[in-house]
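Colleague: I'm new to reading protein models. Could you walk me through one?

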Amino acid sequence: MAAPATFDAGRLAPERALALGPVALLRRRIFGHRSLMLGIVVLGLMLAMGLLAYFIAPHDPYAQSLASRRFPPIWHAWIWDDPKAGWNNVLGTDKVGRDYLSRLIYGARISLLIGFATMVISGLIGTTLGVLAGYFGGRVDMVVTFLVTTRLSMPVVLVALAVVALFGSSLEMVILVLGFLLWDRFAVVMRSVTMQARDLDYVTAARAIGCSTPYIIVREIMPNIVNSLVVVATVEMANAILLEAALSFLGLGVQPPLPSWGLMLSEAKEDMFFSPWMITLPGICLFMLVLSINLLGDGVRDVTAPEGRN
Amino acid sequence: MLVYSLKRLLLACLVVLTVSGITFILTNAAIDPAKALAGDSASAADIDAIRKAYGFDRPLPVQYFDWLGSALIGEFGESVRMRRPVATLLLERLPVTMSLGACALAFALLLSIPLGVVAALKPNSAVDRVALSLSVLGQALPTFWFALMMIILFGVILRWLPISGSDTWLHFVMPAIALGYYATPAFMRLTRAGMIEVLASDYIRTARAKGLRPPTVLFKHALRNAVIPVVSLAAVQFGFMLGGSVVIETIFALHGVGFLAWESISRSDIPVVQAIVLLISLFYIVLTLLADLLNAYLDPRIRVA
């Protein structure tokens, strides 16, 4: 999000900026960027929730209880005096009596794991292809552009659904399939920024003094394109999380009894008319997580963009 | 222009060939088509007989070109599940998906172009910032969850709209919004950026200096030029929407191609899955081809590259 007003706070008169030095200046711009800070805080909370799920969750997320099925969340006790709602299951229970709050907390783990692992796989594939195409150009570029075009013309949701369904659905399968499908944006962006970096003077200088090609790519080009890489990585991580939720919702992603938010939505679908909160809560979690990742990406783009610098 | 068009067409054909190859290999590697056709209760001898009868014992490349050849003349084989020609099934279902895609695209454009124009008229104004914030929020909203929330609100609590089926145009309102809203931020940003650039150009200043009325300048001179990139993005997005309709059609029980895809995928009906993946890819390839040619026609600089 282009929010010039928010990084104005990090903007200083040129003489002050020089006095501060680059690190202090960057720190200032990061802390002055409100939506970036919001993204960092929310994503940090989600990460903590996922990592510390074992300690935070009040109940076992897999423990079923026939006596406490479909308990409503605590606010039903306050508003409608519902006797079933209570502090024991703050956010209620699902149709087999599992504590909803605990499942939501453990769900953060699955979403984050899938988002991160997918991002790593697709990032490796896409960055390699993109950097090679951008650096060497010519035939290499033609081949990579063709691969990207081909990949883009295959419908992601449909292909992911089909492959996961045909090869057997599991957490690992979802990660692999999404990883091999979502590399196109990495390739496109890395290709264009590498093309720009390739012709910079110090890259030419490195070539002139006889540095090897791998050395130039890793030491001269990579540091220049790492900002764009981070931005694309956040976009694809958010994308992967949403896709996993959609696949699991359709019953062809992560399999029960894992507490994936998409799967929880799928299981709550039959109760949606009587217990709408079962649908609402996992969706809010998904929304918050994806929003925080997007805000982080947009913030990194703003903070590192040349026009944001003094 | 002719050379560019031919080059572009050749590329499109190569992409079709590759996509069809990948689709064929993936589906054949996953499960044995003879086993799927024979069913669970079939004996090993039955499966062998089916393998011979349908030609599954031939080398894979031969099978592929056989399949591709018949696909080219619209012959996609027979659905294992429904025992009917795949082509007939697709023709039955296609109108629903096409209407859904068209409605979704119309919704996205009608919402995003006015917003983009207003935002561009006063960059960094309150309207601009609200529009940008909404696009950030919208981008984080899971499509299928948004659809479910709409069903709860407009279908169950307010009872304004039907929640499943495809009988009347009212049935398409919620699915079209759910499918279309995801594309609005991209359209809006593109319109906004294009308008800001165009409004700063010399010919707009000339038009204003001539004393033309502001609406004439805005719509006849500025918007016409600013909207060109939006048209080509719309073509691409329409292709994405056809692919994304799987989720939406499943939720709203719209009996289109997406719903058929989901049914066929969950029951391993390979011929149908292959045909749908190929068909939707083909739509995307043709749409992007047309968008590229349109762009090259409108902007001569592209043809040279």
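This is a predicted model: local features need pLDDT of at least 70, side-chain atom pairs count only at pLDDT 80 or more; totals for chains, interfaces and linings use all residues.

Colleague: Why is helix H13 of chain B largely enclosed by the rest of the structure?

Modeller: First, the terms. Helices (H or I, at least four residues) are DSSP runs, numbered from the N terminus. A residue is buried if 20 or more other C-beta atoms, placed from the backbone, lie within 10 Å of its own. Here, 8 of the 10 residues of H13(B), residues 257–266, are buried, so the helix is largely enclosed. Among them are Phe259(B), Trp262(B) and Ile265(B).

Colleague: Which helices do those buried residues of H13(B) pack against?

Modeller: Helix H9 (156–167) of chain A, plus H5 (86–121), H12 (228–252) and H14 (270–298) of chain B.

Colleague: And how do I read a nonpolar core?

Modeller: In soluble globular proteins, nonpolar side chains tend to be buried together. A nonpolar core is a set of buried Ala, Val, Leu, Ile, Met, Phe, Trp, Tyr and Cys residues joined through C-beta atoms within 7 Å. The largest one here has 165 residues, and Ala162(A) and Ile276(B) are among those touching the most other members. Helix H13 of chain A (residues 213–249) gives the most to this core, with 17 residues.

Colleague: Leaving aside neighbours within four places in sequence, which residues is Ala162(A) in contact with?

Modeller: Contact means that the C-beta atoms of two residues, placed from the backbone, lie within 7 Å. For Ala162(A), the partners are Ile265(B), Val273(B) and Val277(B).

Colleague: What domains is chain B divided into?

Modeller: Domain bounds come from an automatic or database domain assignment. Chain B has domain 1 (2–72) and domain 2 (89–304). Their C-alpha centres lie 33 Å apart, and 16 residues of domain 1 are in contact with 14 of domain 2. On the domain 1 side, H1(B) gives the most, with 12 residues.

Colleague: At what angle do H7(A) and H15(A) pack?

Modeller: Axes are lines fitted to C-alpha atoms, for helices over the stretch in contact, and angles run from 0 to 180 degrees between N-to-C directions. H7(A) and H15(A) pack at about 35°, with their axes 11 Å apart. The contact includes Leu104(A) of H7(A) and Leu289(A) of H15(A).

Conventions
Residues are numbered from 1 along each chain as its sequence is written. Chains are lettered from A and ligands numbered from 1 in the order in which they are written. A residue is buried if 20 or more other C-beta atoms lie within 10 Å of its own, exposed if 12 or fewer, and partly exposed in between; C-beta atoms are placed from the backbone. Helices (H or I, at least four residues) and strands (E, at least two) are DSSP runs, numbered from the N terminus.
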